[in-house]
Amino acid sequence: MSELAATADAVLLLVTSMPSTTIVEGAQANLRNIFRGKKIEVEEIDGVDANNKALRSEMFNLSNLRGQYPQVFIRSGGTLKFVGDAEAVKSLNDCEDIPPEVLRDHPHIETFSKAFAAFLPEAAAPPPPPAPSKRILEGIDNVMPSAHPTHHPSDGANATARGYVILGRHDSWPAASAPLTMDINGAPHAVVQEEHDYMVRGLALARLCPTGSLDVVVTCMDGSKVECTIRVQTVH
C-alpha cells in the first residue's frame with residue numbers, strides 16, 4: 001500500500017480513454033457495469049490524461065501491472081490499496097454465487113462483498129410483515145316468514161332477530177382457541193357449538209350490518225382475540 005494525500009475514501013477505477021483493443025474497452029465496460037449494479041460510485045482515473053501522470057505511476061508501482069487497463073484500487077484513510085485487474089474483480093463478483101455455508105466454512109475465500117464492504121450501500125430494512133388478514137365469517141340475515149320469530153334482548157321488543165353468523169366448522173379453530181363470544185359493536189354474543197359449526201344466533205343483521213359487512217372481535221377459550229369480518233347474505 002502507498003500513502004496518498006488525505007482525500008475522501010473511494011473506489012478508484014484506472015482506465016484509458018484511448019483503449020488499444022476492443023478487449024480493453026470491453027473489460028472497462030464490464031467493470032463499470034459491475035460497480036453500477038452494486039450501486040457503488042467509482043472515481044475514474046484516465047491513465048492517458050497528463051494531469052493524472054503522478055497518480056497513474058503510483059498505481060502502476062502498487063500493482064506491478066504497468067501499462068495495463070483497467071485496474072481497481074481502494075483509497076481509504078489516505079492510503080491506496082490495489083484490489084485487482086478486470087479479471088480479478090470479475091472473479092470476486094463470481095464468488096458472490098458461492099453458497100453461504102461454503103463461505104462460512106472457508107473464510108479465506110475473498111468475495112466482492114468483502115473487498116468492497118465499506119462502499120456497498122446499506123441493505124434496506126426489510127418491509128414490515130403484512131398485517132394478518134381478518135377472518136371472514138358468513139352471516140345469514142333470515143327474513144323468511146316465520147310463525148315463531150325470536151328476539152335478541154339488544155334488538156328491542158319488536159325487532160325480529162333470526163339472523164345468525166357461522167364462525168366455521170369445529171376443526172377450523174384450534175381446540176385450545178375455540179371461540180367463546182363474539183363482540184358486535186361492544187356487545188358480547190355467546191358462541192354456540194352446534195353439530196358441525198360454531199354459531200351465533202338471534203341477530204338482527206339488517207340493523208347491525210346495514211352495509212352488508214361488519215368488523216367484529218371473537219374471544220377464544222385461551223383468552224386470545226381474533227379480528228373477523230362478517231359478510232352478510234339475505235335469505236328471503
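In this predicted model, Thr-181 is partly exposed, because its relative accessibility is 28%, a value that falls between the 20% below which a residue counts as buried and the 50% above which it counts as exposed. Thr-181 sits in strand β8. Leaving aside residues up to four places away in sequence, its contacts are His-189, Val-191, Val-217, Val-218 and Thr-219. Along the chain, Thr-181 and Val-192 are eleven residues apart, and their C-alpha atoms are separated by 8.7 Å.

Strand β8 covers residues 179-184 and pairs with β9 in the antiparallel sense, over four bridges. One place to look is Ile-184, whose bridge partner in β9 is Ala-187. The hairpin formed by β8 and β9 has two residues between the strands, and Asn-185 in this hairpin takes a positive phi near 55°.

These two strands belong to an open sheet of eight strands, in the order β9-β8-β12-β13-β6-β7-β11-β10, and the pairing in this sheet is mixed. Its edges are formed by β9 (187-190) and β10 (192-193), each of which pairs on one side only. As background, the strands of a sheet are held in pairs by backbone hydrogen bonds, in either a parallel or an antiparallel arrangement. An example of the parallel kind is given by β6 (residues 135-142) and β13 (residues 225-235), which are joined by eight bridges. Within β13, Val-232 is the residue that stands opposite Gly-139.

Helix α1 (residues 22-37) has 16 residues and should span 22 Å at 1.5 Å a residue; the distance between its end C-alpha atoms is 22 Å, so the two values agree. Its buried residues are Val-24, Ala-27, Gln-28, Leu-31, Ile-34 and Phe-35. Seen down the helix axis, the buried residues of α1 fall within an arc of 125°, and therefore line one face of the helix. The face of α1 turned away from the buried side carries Thr-22, Arg-36 and Gly-37, which are exposed. Among the elements covering the buried residues of α1 are β2 (10-15), β3 (42-46), β4 (71-76), α3 (86-94) and α5 (112-115). Just after this helix, Lys-39 takes a positive phi of about 60°.

A similar look can be taken at α2. The buried residues of this helix are Met-59, Phe-60 and Ser-63. Around the axis they cover an arc of only 100°, so they lie on the same side of α2. Packed against these buried residues are β2, β3, β4 and β5 (79-85). Asn-61 also lies in helix α2, which runs over residues 53-63. In sequence, Asn-61 and Phe-82 are 21 residues apart, while their C-alpha atoms are 9.9 Å apart in space. Just after α2 comes Asn-64, with a positive phi of about 60°.

Note on methods:
Residues are numbered from 1 along each chain as its sequence is written. This is a predicted model: local features need pLDDT of at least 70, side-chain atom pairs count only at pLDDT 80 or more; totals for chains, interfaces and linings use all residues. Side-chain values use heavy atoms; hydrogens and water are left out. Two strands pair if DSSP finds at least two bridges between them. Buried means under 20% relative accessible area, exposed over 50%, partly exposed in between (1.4 Å probe, protein chains only). Contact means heavy atoms within 4.5 Å. The expected span of a helix is 1.5 Å times one less than its number of residues. The arc is that of the directions from the helix axis to the C-beta atoms.
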